Amino acid sequence: MAERDDNHDITQGDVPALYSGNDPIGSFVEAVCVRPVMYTMDGTWAEVGAFLEGFYSGMGGHSSTKAGREGVERWMDFCHWALLRLTGRGHSEPYQLFQTLREKYPEEAVAFVRLAELCIEYRQSGRSL
């Protein structure tokens, strides 16, 4: 998806609008972007970043199942891929994705929309998150 020029006009309400027609919410990360207050106290960018980091960290550290390990691997791959798209270089720590998005998009609503757009792009490239 093309980066928007009108970032100042984006609101948190624009995230659900990305999922119209036949493109349902395709990942847990996208669900959190659509309804952050459902998963965190106030739905702030910092809370969502900490929540997702903790969720996937816990999944990796406490799951002995193949599905749990694969979920963490998909999360790490997505974060690396998204950072490559945003900066031209990948990073080994997923939290850097949240820092980078916030630096590029100081308005929280814009950062949420961009994270959801990256998830959609990632899935459209044939990967699952």
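Predicted model: local features only at pLDDT ≥ 70, side-chain atom pairs only at ≥ 80, totals over all residues.
**Helix 5 and its two neighbours**

Let me begin with helix 5 and helix 7, the latter covering residues 108–124, which pack at an angle of about 110° with their axes 11 Å apart; the axes here are lines fitted to C-alpha atoms, for helices over the stretch in contact, and the angles run from 0 to 180 degrees between N-to-C directions. Helix 5 and helix 7 are therefore roughly perpendicular to each other, a term that takes in angles of 65 to 115 degrees, whereas under 35 counts as roughly parallel, over 145 as roughly antiparallel and the rest as oblique. From helix 5 the contact, meaning heavy atoms within 4.5 Å, is made by Arg-74, Asp-77, Phe-78, Trp-81, Ala-82, Arg-85 and Leu-86, and from helix 7 by Arg-114, Leu-115, Leu-118, Cys-119, Glu-121 and Tyr-122. By class, that contact of helix 5 with helix 7 has 8 nonpolar, no polar and 5 charged residues, where Ala, Val, Leu, Ile, Met, Phe, Trp, Tyr, Cys and Pro count as nonpolar, Asp, Glu, Lys and Arg as charged, and the others, Gly among them, as polar.

Residues are numbered from 1 along each chain as its sequence is written, and side-chain values use heavy atoms, with hydrogens and water left out.

Turning to the other partner, helix 5 (residues 66–87) and helix 6 (residues 95–104) pack at an angle of about 30°, with their axes 9 Å apart, which makes helix 5 roughly parallel to helix 6. The residues in contact include Trp-75, Cys-79 and Leu-83 of helix 5 and Leu-97, Phe-98 and Leu-101 of helix 6, and by class the contact of helix 5 with helix 6 has 9 nonpolar, 3 polar and 1 charged residues.

Within helix 7 lies Ile-120, which at 0% relative accessibility counts as buried, that is, under 20% relative accessible area, with exposed being over 50% and partly exposed in between, for a 1.4 Å probe and protein chains only. The C-alpha atoms of Ile-120 and Ser-27 are separated by 8.9 Å, although these residues are 93 apart along the chain.

For the protein as a whole, the secondary structure comes to 7 helices and 0 strands, these being DSSP runs numbered from the N terminus, with helices (H or I) of at least four residues and strands (E) of at least two. Buried residues make up 40% of the 129 residues.
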